[in-house]
Amino acid sequence: MEAHRRPRPNEAAGEPDGIGRRRFLGYVVAASTLTVAAQLGETVFAPAEAGAAVPSVPGPAEIYDLNDMLTHATLPTANLISIRIDADGTASFALPRAEVGQGITTSSAMLIAEELDLPLERIRVSLADARPELVFNQLTGGSNTTISTFTPIRVAAAVARGRLLKAAALELGEGIDTLTAKAGVVVSTVTGRSFSYGELAEKAAAVTTTQVSVTLKEPSEFGVIGTAQRRIDALEAVTGRKRFAMDLQVPGALPTMVCRPPTINGTVRSVENLDAVRALPGITDVVTVSTGVAVRGRTFGQCIDAVRALKVTWGPGTADGKSAATVRDELRRAELPLPALDLLTKSVDARFTFHFASNSALETNCAVADVRKDSAEIWASLKSPITAQEQIALKLGLPPTAVKVHVTEGGGSFGRKLFHDAAAEAAEISRALGKPVKLMWHRTDDFRQGRTHPMSTSRARATYALGQVLTYDQRHTSVATDFGHGVGEIITSEAARLPVGDLAFSETIFTLTQQTPYRFGLVTQLLSETDKGFNTGSMRNIYSPNVRCAQELVVDELARRMGKDACRFRRTFLKDDRARAVLDKAAEVGDWGRDMPAGTAQGIAIHPEYHAYVAVLAEIDCRPQTTGRRVRDAYTGPRVTRVVCAVDVGLAVNPRGLQAQMMGGIMDGIAITLSSGLHLDNGHFLEGSWDNYFYTRQWNTPPELEIVVMPPTTGQPGGAGELAVAGAMAAVACAYGRATGTMPTTFPINHDEPLGFEPLPTTPPVPASPTDGLSRAY
């Protein structure tokens, strides 16, 4: 029984476990070959009551969460999601989302293959250009793609299949009930005659747009959905044939880079040697722009040489003079107060600090731009291309219809590509030069001037008495997160239905994502923000990894003080049977409670989000290690040796893809717990390359890693892209606390240790005064 049942867009009353045999409306679109689209309505469930020893009122995220909001925002334009059947018998689909390695082109193709009865290899999925008519239906984020497109894509595919059957029936002079469709062929069960989809594509086309009704397959009929499939782009990926933005050959677009300020958001005052740099080999142009000094040349190597040679006097930035210590003090001053303690109860009180972190996408920020007098064309990996189109048009003084934005595949994102700063910068440079540019950020740019996950603190307090947890209060305080990438507009449009009252954007996002899975009596979780001087953004799960890590550490401490086993304690207080099931599975497979040597330990944690649940069991070795980071000859940091993950996303469209998502999330969780953080010093970050930003390395990748995908528990998919990060971070932190006997309160755990690397230089060194000029070298 699922407690505190959230409303699920597209579900029907009386059929809580899936779509079932309901009728859906779609369209046959007027076109030369068969083109179809979906139409979609909505029905919302009310949450069910759940009993508790000390009852907890369902939080807003348990009733209506961020994913519900994103899905509801897509509904008005769901009918604009279309599929085209071509004369060669293939199906073409332009996915209005960004593929950045998460595998959504494969899962989308699987949905089409299921309802269209067409082999997976005959489906072509591309990425749609910016389509303003989609309004909020072209934003990739919040683990929402599969949830929001699950029904519209299937409806469009089912409409196409029905239209093909009708065309075949007319050709054969038979009833549709005498025909079967399989593997792209319609066959008569009476005469045995057959037509391929390609032969029927033109015959099935419509002269006018027509509304039709279709029935979708029941889950028991699935033959593709729910099966483990290889990525449809796997061969291209491993053979180097995948095309990213920097692989495009746009006529006249030459490599371009920018010499950037040494402190965050510094500005150009003057350039001493422009003519000398313009004369360097291969350099065609040098121009000052709002973000620095841009150089365009024949090769990226020549651009790097030119950037290094520039002598620039810089003005102050927006974070000059700030360090991790000053930001931490500012955060603590902005913390909201916790409720007063009751003298009759005991409490666990803790404060946690989470340092700045990088999104760490393998592909650096990049874009291609060709800006003319009255038009512009942009190529980039963009998760919010409509917003990019609108804002770039505004900056260029052009109507949005004059700016064409092409979405390319991206080499990772983790929230980074929700922002279009590279595309906007490329457009600005192209306009200034009057020439096309192929802009790429240096890796150092990404670390020092790119988007970061904001530094934050979390104060948590739980009170308990007589074997029960009576209250849980958490006050999360963060450097401001920038949501100016389209989500803010969605919040504004959905404000009337949101169960959060009159909150600001960040507070709304926080309220719609944060929840506790435990019956802890009166629960409050509040956000406050400070300091907008940093370039921040969402990083895979937004607030959840930090908030859930703090909560799960408090849960471990509650269990210890109350003399309970940490796993059984969690199980006792969990609200939901699905949550208990993943916890039980992780504990069973991971052999929870087994004897382990001193200095090693297990940790376990659970995380619910976006209609899905994950439990992670991690084992850690905190004894002195003989191996470590390459730059630390005597590193003795902890090593995660084993991880077991049990995941329930309702219905996993592609279990193999889901396992890959969990694996990536686990690596992120290990990184931000143990080693991945940015060191802020005098207005700039010290990290400037992969050599000194310590994402999970091979030596710290658990040699034992098992991911268990639970059997389907609902008829619809839940969110998966971000799910494992918070669970893994919390499990590793809990394991560390149990192994060392001390609850960790600063993350990453190694942040306050000696750096272990020599920061990349600036020339001259960063000045003591934030107003002093400074040139920059990589």
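1. Strand β2 (residues 35-38) is joined to strand β3 (residues 82-85) by 3 bridges, and these two strands run antiparallel; within this pairing, Thr 35 stands opposite Arg 84 in β3. Two strands are said to pair if DSSP finds at least two bridges between them, while strands (E, at least two residues) and helices (H or I, at least four residues) are themselves DSSP runs, numbered from the N terminus. Please keep in mind that this is a predicted model, in which local features need pLDDT of at least 70 and side-chain atom pairs count only at pLDDT 80 or more, whereas totals for chains, interfaces and linings use all residues. Residues are numbered from 1 along each chain as its sequence is written, and side-chain values use heavy atoms, with hydrogens and water left out.

2. Strand β1 (residues 23-29) also runs antiparallel to β2, to which 4 bridges join it, and here Val 28 stands opposite Val 36 in β2. Both faces of β2 are covered, since Thr 35 and Ala 37 on one side and Val 36 and Ala 38 on the other are all buried, a word that means under 20% relative accessible area with a 1.4 Å probe and protein chains only (exposed is over 50%, partly exposed in between).

3. The loop between β24 (522-530) and α15 (544-561) contains Asp 531, which has a positive phi of about 65 degrees although it is not a glycine. Arg 540 is placed in the loop between β24 and α15 as well, and this residue, again not a glycine, has a positive phi of about 35 degrees. Are these residues buried or exposed? Asp 531 counts as buried because its relative accessibility is 11%, and Arg 540 is buried with a relative accessible area of 10%.

4. The peptide bond from Phe 747 to Pro 748 is cis, with omega near 0 degrees, and Pro 748 lies in the segment after β31 (746-747).

5. The second largest pocket holds about 640 Å³ of space. A pocket is an open set of points on a 1 Å grid over the protein atoms alone, where a 1.4 Å probe fits and protein lies on both sides within 12 Å along at least five of seven lines; lining residues have an atom within 4 Å of a point. Of the 26 residues in the lining, Val 125, Ile 232, Asp 233, Glu 236 and Glu 409 lie nearest the centre of the pocket, and β5 (123-127) gives the most to the lining, with 5 residues.

Definitions and conventions
Points joined across faces, edges and corners; volume = space filled by probe spheres on them.
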